[in-house]
Protein chains: 2
Amino acid sequence: MDKRIYLFNEGCKNDRQLLGGKGANLCEMTALGLPVPFGFVISTSTCREFFQLGEQLPEGLLDEYKAAVTEVEKIMGSRFGDPQNPLLFSVRSGAAISMPGMMDSILNLGMNDEIAKGLARKTGNSRFAYDTYRRFLQMFGTVVLGVENVLYKNTLQQYKLAKGYQSDTELQAEDWKVLVRNFLQIASVPEDPWVQLEMAIQAVFQSWNTDRALVYREMNQIPKNLGTAVTVQSMVYGNFSEDSGSGVAFTRNPATGERVFYGEFLQNAAGEDVVSGIRTPQPIEQLAESMPEAYRQLYEIQDNLEQHYQDMQDLEFTIQEGKLYMLQTREGKRTGRAAVKIAVEMVEEGLIDEQEALLRISPEQIEAFLHPMIDPEATKKVIATGLPASPGGVTGRVVFSADDAVKVAATEESVILVRQETTPEDIHGMKVASGILTAMGGMTSHAAVVARGMGVCAITGCGDLSIDYERQQFITTKGEVVEAMDVISLDGSKGEVLLGNVRKVQAASSPEFQTLLGWADRYRQLAVWANAETLEDAQKAKDLGAEGIGLCRTEHMFFDPERIVIMRLMILAETFEEREEHLRQLFNFQQKDMKGLFRIMDGAPVTIRLLDPPLHEFLPHQEEEVRALALHLGTSFEKMDSRIKQLDESNPMLGFRGCRLSIVYPEITKMQVQAIISAALEVCAEGIKTIPEIMIPLVTDVREIEAIVPTIKAVIDEIFLEKGTSLSYRIGTMMETPRACLLAEQIAPQVEFMSFGTNDLTQMTYGFSRDDIGKFLPVYLKQQILEQDPFIQLDISGVGRLMKNSIEESRLKNPALIYGICGEHGGDPSSIQFCHDIGLNYISCSPYRVPVARLAAAQAHLRLLRKK
Amino acid sequence: MDKRIYLFNEGCKNDRQLLGGKGANLCEMTALGLPVPFGFVISTSTCREFFQLGEQLPEGLLDEYKAAVTEVEKIMGSRFGDPQNPLLFSVRSGAAISMPGMMDSILNLGMNDEIAKGLARKTGNSRFAYDTYRRFLQMFGTVVLGVENVLYKNTLQQYKLAKGYQSDTELQAEDWKVLVRNFLQIASVPEDPWVQLEMAIQAVFQSWNTDRALVYREMNQIPKNLGTAVTVQSMVYGNFSEDSGSGVAFTRNPATGERVFYGEFLQNAAGEDVVSGIRTPQPIEQLAESMPEAYRQLYEIQDNLEQHYQDMQDLEFTIQEGKLYMLQTREGKRTGRAAVKIAVEMVEEGLIDEQEALLRISPEQIEAFLHPMIDPEATKKVIATGLPASPGGVTGRVVFSADDAVKVAATEESVILVRQETTPEDIHGMKVASGILTAMGGMTSHAAVVARGMGVCAITGCGDLSIDYERQQFITTKGEVVEAMDVISLDGSKGEVLLGNVRKVQAASSPEFQTLLGWADRYRQLAVWANAETLEDAQKAKDLGAEGIGLCRTEHMFFDPERIVIMRLMILAETFEEREEHLRQLFNFQQKDMKGLFRIMDGAPVTIRLLDPPLHEFLPHQEEEVRALALHLGTSFEKMDSRIKQLDESNPMLGFRGCRLSIVYPEITKMQVQAIISAALEVCAEGIKTIPEIMIPLVTDVREIEAIVPTIKAVIDEIFLEKGTSLSYRIGTMMETPRACLLAEQIAPQVEFMSFGTNDLTQMTYGFSRDDIGKFLPVYLKQQILEQDPFIQLDISGVGRLMKNSIEESRLKNPALIYGICGEHGGDPSSIQFCHDIGLNYISCSPYRVPVARLAAAQAHLRLLRKK
């Protein structure tokens with residue numbers, strides 16, 4: 001049987017898995033000779049044992065911790081359960097992965113009437129003794145016995161009211177004595193300190209599986225069965241006297257990253273008083289004046305700890321009668337901006353190297369440099385929660401239609417566009433909106449994709465909303481009614497809809513941010529490209545470091561009002577000739593757009609996807625618009641309506657789209673290729689290198705490629721012949737149907753690149769429509785049937801297996817093939833790791849995800865290096 | 001270099017690939033010593049050479065066929081191109097696989113003015129000589145020179161008109177001479193017989209690639225590059241004299257299969273006259289009277305040939321001046337009924353064995369025993385063509401709604417229900433209709449699946465129709481207008497819509513049919529189950545030999561008017577309690593249905609799929625019905641409408657359905673399981689063994705199974721406990737998402753059977769919605785991007801690979817797993833072969849496909865045996 005209990009002088013910081021973060025660090029500080037109240041740790045494996053035994057403490061554990069207590073008693077010079085010279089314990093949980101606020105702890109354990117008396121006698125501080133006793137009773141009652149905390153609070157409150165006290169400091173020893181009696185009536189606590197200890201240990205173990213702990217682990221993808229350690233530490237008392245106190249401190253400023261010792265201190269107070277906000281603490285600097293020796297010692301310790309841990313530390317300390325005790329050290333939480341500044345400065349200080357700095361920044365922390373964010377400190381009222389579709393924080397007036405968005409935005413008002421879901425017809429409204437909120441749709445719905453592309457904050461799939469377009473209002477499930485023109489804020493990073501205007505932190509780059517991304521570029525193997533079609537997006541992508549365009553969705557170029565009309569005429573054309581005529585007009589737009597893109601990308605590859613969506617998406621669906629189109633075409637509403645309905649599809653995602661359009665209407669493909677290649681030649685003539693890559697979407701069989709590629713090449717050859725010049729280009733395919741992946745080997749020799757379209761591939765592999773997943777995804781996540789929305793985080797075992805196999809098999813047939821990804825997963829850090837591991841050449845993501853992707857790509861490489 | 005030319009005495013019947021069917025059989029007959037006019041065959045590989053050389057005859061071929069001609073001259077005692085003693089040839093095509101009417105042939109080749117004169121002189125029959133000459137000119141002109149045949153026909157017609165002739169027999173030598181001159185003016189034919197021969201050979205080769213040949217090969221899935229052989233055979237003349245003639249005959253009756261010598265003969269006529277129908281031939285029996293010696297010889301030969309070939313033969317013969325010549329023998333085409341009778345009788349006669357008999361029947365030939373068919377001999381007018389969704393032939397009055405179908409059917413009239421597409425709401429109309437015709441939808445659309453299930457003739461995806469519900473008519477692309485109550489016929493086996501009442505052949509079993517199926521059962525390894533949910537279907541399936549039910553779609557049980565209302569209330573229930581109440585009512589129906597099924601299946605396994613379709617499918621969509629439901633529920637139309645719209649999905653196939661329903665609404669699953677198990681127990685109590693198999697649909701992850709199976713088992717255990725009894729049951733899953741197949745290994749230990757739902761699996765693997773495929777499938781088939789509709793014939797390389805892999809990987813984890821298929825492919829013969837090859841245990845198909853599947857399963861096994 002393994003050792004279950006470790007004294008503080010038997011472990012070190014590397015024992016996190018076994019002793020939990022808190023326990024391992026207490027051991028480490030003890031080893032460093034710092035003033036740590038002595039104690040011991042019951043291991044996480046004992047917790048797992050506890051659950052295996054059906055929530056029973058394993059046999060023999062009692063003897064083990066009795067022995068440990070004896071060791072502690074020796075060092076502390078007092079005895080557990082001895083009224084003459086009592087030793088009290090704090091009993092805390094501590095898991096390997098920090099789970100702040102998730103686990104419960106009990107202080108001052110080992111207390112009863114006798115011992116309180118003894119403590120009063122020994123310390124000569126009766127008020128302290130009974131204050132300590134009542135604290136113990138309340139904590140033990142709530143944490144171990146499951147009593148509602150409000151009962152204790154009310155009892156105290158009633159007492160203070162009756163006595164006319166304003167603050168706890170006014171209560172004297174006799175007051176606390178009365179309250180101890182009252183508290184004991186709320187719930188009786190066992191008198192035997194050993195029984196208290198046993199129950200506390202059990203309670204800590206059980207707290208591993210409280211609902212809130214389960215939810216936290218689910219949200220943060222922490223494995224279920226790690227278990228928690230129990231730290232049993234001798235108490236010291238910041239509330240003992242005026243030359244006592246408690247405080248928390250950071251070795252650097254956790255908000256800004258500035259290299260200053262930063263913290264707060266509360267005189268004559270226990271640690272929990274600092275956190276609870278009952279009294280306002282003083283800045284740590286004032287400690288230098290009030291207790292200079294303790295401050296000097298603390299300052300030295302914090303400096304040493306940061307050097308020792310090579311990271312910014314979050315410390316807890318207590319001063320009892322002028323003597324400093326260290327109760328905790330851990331890596332300090334910090335804002336994204338601080339994280340980057342600290343990491344880069346630590347490299348400059350020689351504390352860590354570039355690789356370590358890169359690995360320390362979570363890709364999400366980068367967001368803070370790219371979008372204004374809701375200030376985490378701001379007070380806010382969350383009225384509804386949806387999916388965090390596009391990050392950032394915005395405030396604006398609610399509108400319920402794209403047209404209204406345009407109208408209100410014209411008055412310089414910031415606008416939040418609220419829709420059931422968005423369609424390409426809403427683009428003009430989305431362009432002017434500061435934020436987008438939809439009741440339906442997932443993380444890869446139209447609203448989400450477009451919003452991320454534009455860097456606009458968005459929340460999608462907010463099922464809490466019931467939108468009533470007619471009344472121009474929405475009602476939340478909580479009953480909040482929001483009318484058009486009311487002001488709301490969106491936290492797109494959390495998916496929270498907030499009432500009114502909420503304070504934000506502005507986005508801005510920083511020298512450290514640029515330095516960090518520069519290092520990322522040095523270490524990553526994956527090229528980072530962007531999904532972009534507008535000139536603004538392309539420019540943004542390039543500014544943020546994109547090395548190419550991996551997905552230019554040409555259809556998005558046809559939604560402008562003047563273009564959509566021609567597109568519709570083209571689609572509804574009854575003859576080949578008619579269609580050709582409208583295509584000629586579209587050609588001009590397309591060519592102009594492509595020239596702009598080529599100029600911006602200036603020699604970097606530009607991957608243009610041939611027309612992909614079902615044609616039906618371009619057609620009007622509202623009666624008014626149908627009537628207008630009918631009028632324009634000189635036909636009746638009924639005929640037009642029936643024509644449009646004919647093009648309707650039961651499952652458009654699996655319908656007449658992608659390269660199926662190229663097969664049935666090769667003239668559309670020809671027009672597109674003409675526009676792309678002639679644009680490229682013209683831009684070349686301006687002295688700007690261009691590399692057009694033509695991408696065929698939704699391929700299911702090599703014969704589709706064999707049918708389309710010759711068409712493309714014939715058009716290109718004709719243009720080359722006509723212009724008497726040429727350029728190099730590439731033809732490739734999207735890999736977005738399971739069948740294409742299964743037959744990649746056959747497709748390989750026919751193309752020069754393969755780009756995994758993981759949005760569609762995920763839809764088909766699971767049979768999940770991303771637009772409809774909202775009906776069951778929340779339940780799937782809650783029941784842990786899915787760990788993550790597979791449209792956010794790549795499903796490695798299913799979709800990933802298809803990708804990996806197709807790379808392995810196709811590479812054998814065409815070793816020169818270039819592989820990329822252009823689904824939304826291209827911007828997701830954990831998916832990027834997988835993309836790197838299976839040997840993709842590039843990832844392509846929304847422009848605003850490019851910095852995130854650059855960092856994640858570097859981390860992917862560094863992590864793989866470390867594994868080797 | 002390979003030998004290119006084979007004299008008739010250098011080959012045999014096994015040389016089909018090299019010499020074509022016709023050439024090989026002529027060689028075989030020559031070897032048997034039968035009276036075959038001598039000749040030679042140019043091989044199919046020479047044809048392939050010809051195309052490789054860009055349609056040039058290979059060097060050296062000329063010398064080779066000159067040598068061959070010399071050999072023929074020796075045997076025939078006459079010389080090619082010699083006016084004194086001319087030898088004429090027929091030049092015919094002949095591919096390895098019979099392609100009737102697809103390839104062109106030229107008779108009487110080697111003719112010119114001089115030779116005609118010589119022939120007249122030698123035979124003393126000037127009329128014959130010039131008749132032969134004009135026949136040659138017309139054939140050479142049309143086949144080799146590409147002249148329109150109508151020009152020759154008109155010339156002849158004009159001449160006869162001018163002369164007042166009624167029939168060709170009235171024309172004398174001088175008349176034919178004049179016509180020869182006229183024909184030569186239509187197109188000049190080279191005089192040199194050797195040039196004629198060279199051109200003819202080229203023309204035959206080229207005819208391999210005529211449009212009609214291409215279409216035929218595409219339709220019949222014959223590989224593109226087999227090539228044709230050229231048979232060059234000495235001419236004999238049935239039109240030489242009154243004791244000459246030509247005929248065709250079958251060794252058995254090709255319509256009924258009866259064992260009688262059967263054929264037709266035309267006196268003093270060339271072979272082509274028999275076929276062309278210019279004169280009415282006499283039954284072969286009359287030959288016994290007019291030319292008893294020739295008849296006796298022919299009778300003996302046909303008997304020998306059948307014995308020799310061990311199959312019914314189709315013969316062509318010519319009698320010249322009383323002497324019999326054999327021109328062709330081949331396997332005779334026969335009707336489905338004849339095929340079965342012949343095969344079974346030949347086994348009884350000891351000519352072939354059971355295995356051979358089984359392999360000779362094409363599964364399609366079985367259809368004739370199951371459905372009345374349109375008489376192939378009947379005159380008919382095809383007004384539109386669609387997909388042959390459900391076989392058979394029917395006639396009835398056109399109606400355009402399910403309600404009208406019911407009304408008209410009530411008057412005892414036979415009804416054809418014509419709809420844009422059908423939905424579950426049309427079921428009551430489909431039930432009473434004799435045939436179903438839809439403008440939209442594929443082979444696995446709702447209409448097709450339901451019709452096949454009911455054994456009702458149906459044509460779907462008939463894009464030729466433009467239906468106008470308001471005017472109660474449809475218009476075909478050919479401009480035919482059909483009004484409600486007009487009479488049309490459907491040929492569901494061919495997909496043809498026919499005007500009026502067309503004669504049919506009635507379906508009926510036969511002793512031979514039962515014998516054959518009995519043999520099939522002896523040889524097949526695959527169990528054959530059926531997809532059925534109604535008692536009628538289950539009974540039908542059992543009668544046709546189904547050994548179990550592989551798919552009972554429980555949702556179909558809820559579409560009856562009285563049930564759908566409760567189903568709707570259940571779906572729209574706002575609370576768990578409300579839903580429970582409606583579920584209790586549904587329970588009663590479900591339990592009753594299940595009892596019926598168990599009783600019928602009497603111990604055979606019954607696989608019940610849990611509720612699968614998106615709930616939206618159960619809700620009303622027409623305003624009227626929505627209003628009715630709103631009234632029923634005491635709510636407003638607007639509210640009801642918006643509620644229904646809320647449940648609407650963008651891509652319902654990929655939406656909230658299948659086991660996703662079980663996860664979100666476990667109470668529905670519980671009700672279903674209660675109904676199934678309590679029904680099974682009650683039926684057991686009646687002394688009838690029952691094996692319920694509960695099937696979980698649309699699984700994507702083992703965790704779905706892990707969530708649902710315990711729910712199912714808990715319900716079952718509770719029932720067992722309550723009733724104090726138990727029975728054995730199985731729980732399994734459908735494999736119908738690519739992800740389930742990719743992760744089969746994980747799913748395997750959790751289930752007892754896996755049933756491949758290849759309809760959905762095909763949809764997701766390709767990203768093809770079966771309801772929308774009509775927009776591009778015709779183009780895909782035409783361009784040979786797809787060889788077959790993948791919803792009809794299993795896609796072996798994509799979908800099949802997923803199936804094969806998942807079997808291989810899952811079997812390792814659970815060797816006891818039972819594998820089946822319950823998609824539409826379970827009834828498709830070529831897909832059944834694959835199912836057998838990858839080791840499925842059973843196939844499940846529509847009841848009316850069961851006999852087809854039994855035969856195909858036997859053939860699959862026998863073919864695999866023969867390969868080994």
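Q: Which residue in strand 7 of chain B stands opposite B:Ile42?
A: In this predicted model, strand 2 (residues 39-42) and strand 7 (residues 228-234) of chain B run antiparallel and are joined by 4 bridges. Strands here are DSSP runs of E with at least two residues, helices are runs of H or I with at least four, and both are numbered from the N terminus; two strands pair if DSSP finds at least two bridges between them. The residue opposite B:Ile42 in strand 7 of chain B is B:Val230.

Q: Which residue in strand 2 of chain B stands opposite B:Leu7?
A: Strand 1 (residues 5-7) of chain B also pairs with strand 2 of chain B, in the antiparallel sense and over 3 bridges. The residue of strand 2 that stands opposite B:Leu7 is B:Phe40.

Q: Which residues lie on each side of strand 2 of chain B, and are they buried or exposed?
A: In a regular strand the side chains alternate between the two faces of the sheet. Buried means under 20% relative accessible area, exposed over 50% and partly exposed in between, with a 1.4 Å probe and protein chains only. B:Gly39 and B:Val41 on one side, and B:Phe40 and B:Ile42 on the other, are all buried.

Q: Why is helix 33 of chain A described as largely enclosed?
A: Helix 33 of chain A spans residues 829-837, and its buried residues include A:Ile832, A:Phe834 and A:Cys835. Among the elements that cover them, through contact (heavy atoms within 4.5 Å), are helix 32 (796-813) and helix 34 (850-867) of chain A. The helix is largely enclosed by the rest of the structure because the buried residues number 7 of the 9.

Q: How many aromatic pairs does the structure hold over all chains?
A: Rings of Phe, Tyr and Trp (its six-membered ring) pair if their centres lie within 6.5 Å; planes under 30 degrees apart count as stacked, over 60 as edge-to-face and the rest as tilted. The total over all chains is 56.

Q: How many residues apart are B:Phe50 and B:Phe205?
A: The ring centres of B:Phe50 and B:Phe205 lie 5.2 Å apart with planes at 45 degrees, so this pair is tilted. B:Phe50 belongs to helix 2 (residues 44-52) of chain B and B:Phe205 to helix 8 (residues 193-207) of chain B. Both residues are buried. The pair links distant parts of the chain, with a separation of 155 residues.

Q: Over which ring does the charged end of A:Arg627 sit?
A: A charge sits over a ring if NZ of Lys or CZ of Arg is within 6 Å of the ring centre and within 35 degrees of the ring normal. The charged end of A:Lys66 sits over the ring of A:Trp194, 5.2 Å from its centre. For A:Arg627, at 4.0 Å from the centre, the ring is that of A:Phe637.

Q: From where are residues numbered?
A: Chains are lettered from A and ligands numbered from 1 in the order written, side-chain values use heavy atoms without hydrogens or water, and local features need pLDDT of at least 70, side-chain atom pairs 80 or more, while totals for chains, interfaces and linings use all residues. Along each chain, as its sequence is written, residues are numbered from 1.
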